[in-house]
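Please look at the sequence and the structure first.

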Amino acid sequence: MTTNEYKEMSEKYLLHTYNRYPVVLEKGEDVYLYDTDGNKYLDFAAGIAVYALGYSNKKFADALKDQIDKVIHTSNLYYNVPTALASEKLAKATGLDKVFFTNSGTEAIEGAIKVARKYAWLKEGTTDHEIIAMRHSFHGRSLGALSVTGNDHYQEPFRPLIGGIRFADFNDLDSVRSQITQKTCAIILETVQGEGGIYPADKEFIQGVRRLCDENDILMILDEIQCGMGRTGTMFAYQDYGILPDVVTCAKAIGAGIPVGAFVLNKKTAENSLVPGDHGTTYGGNPLAARAVSTVLDIYKEDGIVEHVNEITPYLEKKLDELAQKYDFITGRRGKGLMQGLIVAPEYKPGEIINTARENGLLIISAGTDVLRLVPPLVITKAHIDEMAEKLDAALAQTASEKK
Ligand SMILES: *Cc1c(COP(=O)(O)O)cnc(C)c1O
C-alpha cells in the first residue's frame with residue numbers, strides 16, 4: 001500500500017477527532033522516527049512527552065518481549081510479579097505510599113477525584129464537596145477529568161459536567177484562597193502546566209497551596225502526567241519545590257510508550273479514602289504495563305536519566321534563547337528542564353512553523369494557542385540539540401521570509 005492509501009484509509013475509518021499531520025510514521029530508532037516514504041525526523045515531541053527513553057532502548061524492549069512470553073494480563077483479582085515490583089518502585093520514586101495503576105492519564109485523574117470525594121465524605125458524612133482547579137489546566141477528556149480542565153472550548157458541548165468545580169488562576173495564591181469554602185475537598189493542579197502553554201509553577205505558589213491545604217484539611221493533588229518522570233530535572237517536578245502532594249497522578253513517560261498511568265497517595269489519604277468495592281479496572285497495571293513501569297524506573301536509575309536531564313538542559317535553553325533572540329516573532333521562552341516552550345507572536349501561527357519544521361525533518365508540537373512545545377526524549381545529546389536548533393532555525397527563517 002502507498003502512503004496516500006494509508007492516509008485515506010485512516011480518514012475513511014477513524015473517527016475524525018484529530019487533524020493529523022500528513023505523515024505515516026512507521027518506525028523509530030534512537031531519537032528519530034521514519035515515515036513510510038523513508039523520510040527521517042528528529043523527534044522533539046516524543047509522542048507527547050511519552051517516549052522518554054528514545055526508540056532503541058534494548059533493555060526496555062527485551063523486558064517487554066520477555067513479559068509477552070510469560071503473561072500479558074491476569075486481572076487485578078490475583079497478585080502478579082511485575083505489578084508488585086512496579087508498585088514498590090513507583091511509591092519510592094514519588095515519596096508517597098500507595099499506588100493504583102490505570103491505563104491512561106485521564107483515568108488517573110478520575111481516580112484522584114474519587115479519592116478526594118471519598119476522603120471528604122468519610123470525614124464529614126456529607127456529599128456535595130468542591131474541588132478547586134486552575135484556568136488553562138489540562139487533565140484529560142473524560143467527563144470527570146474534563147470537569148477540572150480549565151478550558152471552556154473543551155468543556156462547552158459536554159455540559160453538564162460534574163458539579164462542585166471552582167476555577168482559580170494558576171500562580172495566584174489569592175485567587176486560590178478566594179475559592180476555598182467549607183465544602184472544598186481538594187485542589188488539583190499541574191506542577192508545570194503542559195497543554196495550557198508550558199507554565200511552570202512558582203515556588204511560593206506551590207508552597208502556598210500546600211499550606212492552604214494543610215490549614216484546611218484539603219487534599220493537594222498534583223498532576224505530573226506530563227511534567228513528571230524526570231522531565232523537569234527531578235524525578236517528579238514537586239521534588240524541586242520542597243513539598244509533597246497528598247496525591248500525584250502519573251502517565252505518559254511512566255510506561256515509555258506502553259499505555260499506563262497511576263495515582264499515588266500518601267498514607268493519610270490512602271487510609272481515609274478508597275476501600276475494596278470503591279474503584280477498579282480490568283486492565284490497569286496489568287503485567288505487561290507494570291513490567292514497562294518497573295523496567296523504566298530501573299533504567300532511570302542505571303542510566304542516570306534525571307542527572308542527564310540536568311546536564312543537558314542549560315544547553316537546550318541556550319540554543320532556544322538564541323533562536324528567540326534571532327527572530328522577533330519568537331517573543332520568549334518558558335519551561336523547565338526538557339519541557340520547553342517558545343512563545344510565538346499573535347500574527348504567526350505555531351501550526352505553520354510546526355509544518356515547516358516537519359518538512360525540514362524535525363517534529364515539534366504546540367501548546368496553548370501560541371506556543372511551540374519541545375518535549376524531546378530525555379536521552380537527547382548535544383548533537384541532537386544542535387541538529388534541532390539548525391532545523392528549527394531554518395523553519396523560522398522560512399516562516400519569516402514568507403510573512404514578508
Ligand atoms: C496528557 C495529560 C493528561 C491526560 O493523559 P491521557 O493519557 O491522554 O489520558 C492529563 N494531564 C496532563 C497534565 C497531561 O499532560
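Tyr55 counts as buried because its relative accessibility is 17%, where buried means under 20% relative accessible area, exposed over 50% and partly exposed in between (1.4 Å probe, protein chains only). Tyr55 lies in the loop between helix H2 (46–49) and helix H3 (58–70); helices (H or I, at least four residues) and strands (E, at least two) are DSSP runs numbered from the N terminus. Although 201 residues separate Tyr55 from Ala256 in sequence, their C-alpha atoms are 9.3 Å apart in space.

The model is predicted, so that local features need pLDDT of at least 70 and side-chain atom pairs count only at pLDDT 80 or more, while totals for chains, interfaces and linings use all residues. Residues are numbered from 1 along each chain as its sequence is written, and side-chain values use heavy atoms, with hydrogens and water left out.

**Ligand surroundings**

The ligand is surrounded by Ser104, Gly105, Thr106, Phe138, His139, Glu190, Asp223, Ile225, Gln226 and Lys252, a residue being near a molecule if one of its heavy atoms lies within 4 Å of it. By class, this shell has two nonpolar, five polar and three charged residues; Ala, Val, Leu, Ile, Met, Phe, Trp, Tyr, Cys and Pro count as nonpolar, Asp, Glu, Lys and Arg as charged, and the others, Gly among them, as polar. Taken alone, the ligand exposes 380 Å², of which the protein buries 82%; accessible areas come from the Shrake-Rupley method with a 1.4 Å probe, and for residues only the protein chains shown count as cover.

**Salt bridges**

With a salt bridge defined as a side-chain nitrogen of Lys or Arg within 4 Å of a carboxyl oxygen of Asp or Glu, the count comes to 30. Three of these pairs are set out here.

| Pair | N to O distance |
|---|---|
| Lys118 and Asp278 | 2.5 Å |
| Asp128 and Lys183 | 3.4 Å |
| Lys267 and Glu271 | 3.3 Å |

The salt bridge of Lys118 and Asp278 links distant parts of the chain, 160 residues apart, with Lys118 in helix H5 (residues 105–124) and Asp278 in the loop between helix H10 (267–271) and helix H11 (287–303). Lys118 counts as buried at 14% relative accessibility, whereas Asp278 is partly exposed at 23%.

The salt bridge of Asp128 and Lys183 likewise links distant parts of the chain, 55 residues apart: Asp128 is in the loop between H5 and strand S5 (130–134), and Lys183 in the loop between helix H8 (173–179) and strand S7 (184–190). Here Asp128 counts as exposed at 56% relative accessibility, and Lys183 is partly exposed at 37%.

Lys267 and Glu271 are four residues apart in helix H10, and are therefore separated by about one helical turn; Glu271 is exposed, with a relative accessible area of 56%. Elsewhere, a network of salt bridges links Lys123, Glu124, Arg210, Asp214, Asp217, Asp246 and Lys268.

**A nonpolar surface patch**

Met1, Tyr6, Met9 and Tyr13 make a nonpolar surface patch of about 480 Å². Patches are made of residues with over 30% relative accessible area and no salt bridge, like charges being joined within 9 Å and nonpolar side chains (Val, Leu, Ile, Met, Phe, Trp, Tyr) within 5 Å. Tyr6 is placed in helix H1 (residues 3–13) and counts as partly exposed because its relative accessibility is 33%.
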